[in-house]
Amino acid sequence: MAQEIIEVPITGKIISVEVKVGDTVAEGDVICFIESMKMENPILVPVAGKITEINVTKGEAVETGKPIATIEY
């Protein structure tokens with residue numbers, strides 16, 4: 001099994017987390033939404049697999065590069 005760590009692409013605030021640990025996701029699914037510069041930005045799953053870790057919570061301010069989640073595939 002391989003792992004993919006999804007990182008925050010833009011500095012902002014987490015406005016919702018759409019998955020939980022144990023969820024099976026498909027490529028292109030939304031993991032969370034980040035508000036940046038008054039815009040909602042969906043963060044998409046790059047690979048199909050299973051969520052093994054969530055590293056952010058709703059309302060959290062995040063910086064570019066912070067891990068959002070880990071996917072095992």
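Let's start with a side-chain pair: Ser 16 and Glu 18 are joined by a polar contact of 2.6 Å. Keep in mind that this is a predicted model, so everything below is computed from predicted coordinates.

Ser 16 sits in strand β2, which covers residues 12-17. Is Ser 16 buried or exposed? With a relative accessible area of 18%, Ser 16 falls under the 20% cut-off, and therefore counts as buried. Leaving aside residues up to four places away in sequence, Ser 16 touches Cys 32 and Phe 33.

Cys 32 leads on to the nonpolar core. The largest such core has 17 residues, and Cys 32 is among those with the most contacts inside it, along with Ile 31, Ile 34, Ile 68 and Ile 71. Two elements give two or more residues to this core: β4 (30-36) and β8 (67-72). As background, nonpolar side chains tend to be buried together in soluble globular proteins.

Strand β8 also turns up in a sheet. Four strands make up an open sheet with antiparallel pairing, in the order β1-β8-β6-β3. Which strands are at the edges? They are β1 (3-7) and β3 (24-25), each of which pairs on one side only. In general, strands of a sheet pair through backbone hydrogen bonds, either parallel or antiparallel. Here, β8 and β6 (residues 49-54) run antiparallel to each other and pair over four bridges. Within β8, Thr 70 stands opposite Glu 53.

Now for the charged side chains. How many salt bridges does a search of the whole structure find? There are two, and here they are:

| Salt bridge | N to O distance |
|---|---|
| Asp 23 with Lys 20 | 3.2 Å |
| Glu 60 with Lys 66 | 3.6 Å |

The general idea is that side chains of opposite charge can pair when their charged atoms come close. What about accessibility?

To recap, Ser 16 is buried in the model and touches Cys 32, one of the residues with the most contacts inside the largest nonpolar core. Strand β8 gives two or more residues to that core and also pairs with β6 in the antiparallel sense.

Methods:
Residues numbered from 1 in each chain as written. Predicted model: local features only at pLDDT ≥ 70, side-chain atom pairs only at ≥ 80, totals over all residues. Heavy atoms only, no water. Core = buried A, V, L, I, M, F, W, Y, C linked by side-chain atoms within 4.5 Å. Buried < 20%, exposed > 50% of the residue type's maximum accessible area, 1.4 Å probe, protein only. Polar contact = N/O pair within 3.5 Å; in protein donor to acceptor, adjacent residues only side chain to side chain. Contact = heavy atoms within 4.5 Å. Salt bridge = Lys/Arg side-chain N within 4 Å of Asp/Glu carboxyl O. Pairing = 2+ DSSP bridges.
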